[in-house]
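Please open the model in your viewer and keep the selection panel at hand. The tour below moves from one selection to the next and says what is to be found at each stop.

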Amino acid sequence: MNIGIIEVMPYGHTTLVESVAKIYSSDPDNSVKIFINSEIESQIVELVKSSSNIEIVLRKKEEVLSEYFSRINKFKLDVIYITTLEYYYDEFYKFIFNAPIKLFIHNIDEWFNLSFLKSVSSFVYGLSLSKKLVYDFKVNFLYPRKRERIIEKVKQNGGKFVVLSTILKKELSAYVENDLIEVIPFSFYDKNLPDLSQLNTRLRICIPGILTNNRRDYLGVLDFLDKNSEFFRTRIELDLLGHSYKKEEDIIIQRAKALILKGFKIYLYEYSFIPASIFNENLSKADIILGNLKIQQGKFSFYGKTKETGVTFTLIRAAKPGIIAEGYEIVDELRSSVLYYSDMDQLKEILLRLVNNKDYLEMLKKEALKNSQFFKPFLIYQILRAT
């Protein structure tokens, strides 16, 4: 097969591009072409450089999308995956690709069954007197109509809609026939990622992802540590494995630095984008991943139901156990290596048990390694071929 992956959004999902590419390239008879903007070339190259049947085709600077799409058509692809489509709706709608389109749906609530009344309700829910007002208006009143046209085009094109988990497939099946839905996880088990956690002298907790308090409760976790410093200051270390890209998020970093001055060991990163090698090295050192998620992300948007988060797929990639905020529905394959907390008191109980019971922590790690085996690239590929 000749597979194409298009990621031309300014801020796309490079990890997802890697996942699709590695899944299909696990069969040496396949050829994978990745079509990306030149700005993210170095990121993608670092992720896929080990695979000989993956080729990167750059969009030239100042090259309009219609011209780039015309170049893509010349590769005579069997299928085209679009990993992110946040705008450029008109450009994608107008162009006729000569291969079936498989479109990733990251937010079911934004793409399907969004009536005018729901749009009004969603807009009012997030209403604020800020620069985001214009963007929210577009998201709730202009983009839904454009997305409806894209949905019809995918159907007419013989394509499918792709979600990141079986849980999201169940949600999407209320709006789309099952045979039009495909499941590809955000990440896969990386057998080349070593477990370096055995060298830890403290419980090393990792929170991967961009430092924003909109999606995750960073400030709540930092306040929790401050209030329980007598229990955890010398027993745990916290790895905030992400970067801040908005000045208003500096409060998270400032709060973390204040705890460092009080004796906590907290890892911070100065990168605008953490290189994959550094991200993977520090992820490998984690004993456990903390998913401090804010489950509700909008009036109709919920993590684990209508959209996914990269945190749980970090569990898969590095074969790590996790602690997840209650309300997030985890896939069956990971249940035995994930713990839930409903409030900070319960989080405290979980952390104390992990600190004081090394055997319990080791049991969770063994379960995590066993569970990640379900997400080997070639196993995922075989499932895709069978559906």
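Begin by selecting two sets of side chains: Thr14, Val17, Glu18, Ala21 and Lys22 in helix 1 meet Gln43, Ile44, Leu47 and Val48 in helix 2, where contact means heavy atoms within 4.5 Å. Of the residues in this contact, 5 are nonpolar, 2 polar and 2 charged; Ala, Val, Leu, Ile, Met, Phe, Trp, Tyr, Cys and Pro count as nonpolar, Asp, Glu, Lys and Arg as charged, and the others, Gly among them, as polar. The crossing of helix 1 with helix 2 is right-handed, meaning that the near helix is turned clockwise from the far one, whereas a left-handed crossing has the near helix turned anticlockwise by less than a right angle.

Before the next stop, a word on the model. It is a predicted model, in which local features need pLDDT of at least 70 and side-chain atom pairs count only at pLDDT 80 or more, while totals for chains, interfaces and linings use all residues. Residues are numbered from 1 along each chain as its sequence is written, and side-chain values use heavy atoms, with hydrogens and water left out.

Zoom out to the whole protein, which has 16 helices and 13 strands; these are DSSP runs numbered from the N terminus, helices being H or I of at least four residues and strands E of at least two. Of the 387 residues in the protein, 52% are buried, where buried means under 20% relative accessible area, exposed over 50%, and partly exposed in between, with a 1.4 Å probe and protein chains only. Among contacts between residues at least 6 apart in sequence, 70% join residues at least 24 apart.

Now select Val32, which sits in strand 2 (residues 31-37) and is buried at 0% relative accessibility. Beyond its neighbours within four places in sequence, Val32 is in contact with Ile3, Ile5, Ala21, Tyr24, Ser25, Asn53, Ile54 and Glu55. From there move to Ser51, in the loop between helix 2 and strand 3 (54-59). Is Ser51 buried or exposed? Ser51 is buried, with a relative accessible area of 15%, and, leaving aside neighbours within four places in sequence, it is in contact with Lys22 and Ser25.

Next, display the second largest pocket, which has a volume of about 590 Å³. Of the 24 residues that line this pocket, Lys22, Ser50, Phe188, Asp190 and Asn192 are the closest to its centre. On a 1 Å grid over the protein atoms alone, a pocket is an open set of points with protein on both sides within 12 Å along at least five of seven lines, a cavity is a set where a 1.4 Å probe fits but cannot get out, and lining residues have an atom within 4 Å of a point. Grid points are joined across faces, edges and corners, and a volume is the space filled by probe spheres set on the points. Helix 1, helix 2, helix 12 and helix 16 (377-386) each supply at least two residues of the pocket lining, and helix 12 gives the most, with 5 residues. By class, the lining of the second largest pocket has 7 nonpolar, 8 polar and 9 charged residues.

Stay with helix 12 (residues 276-284) and select its buried residues, Ala276, Asn280, Asn282, Leu283 and Ser284. They pack against helix 2, strand 8 (203-208), strand 9 (236-241), strand 11 (288-291) and helix 13 (310-318).

To find the largest cavity, select its lining residues, Ile82, Leu85, Phe92, Phe97, Ile101, Ile150, Lys153 and Val154; 7 are nonpolar, none polar and 1 charged.

Finish at Tyr88, in the loop between strand 4 (79-82) and helix 4 (89-94), where phi is near 60°, a positive value in a residue other than glycine. Tyr88 is partly exposed, with a relative accessible area of 23%.
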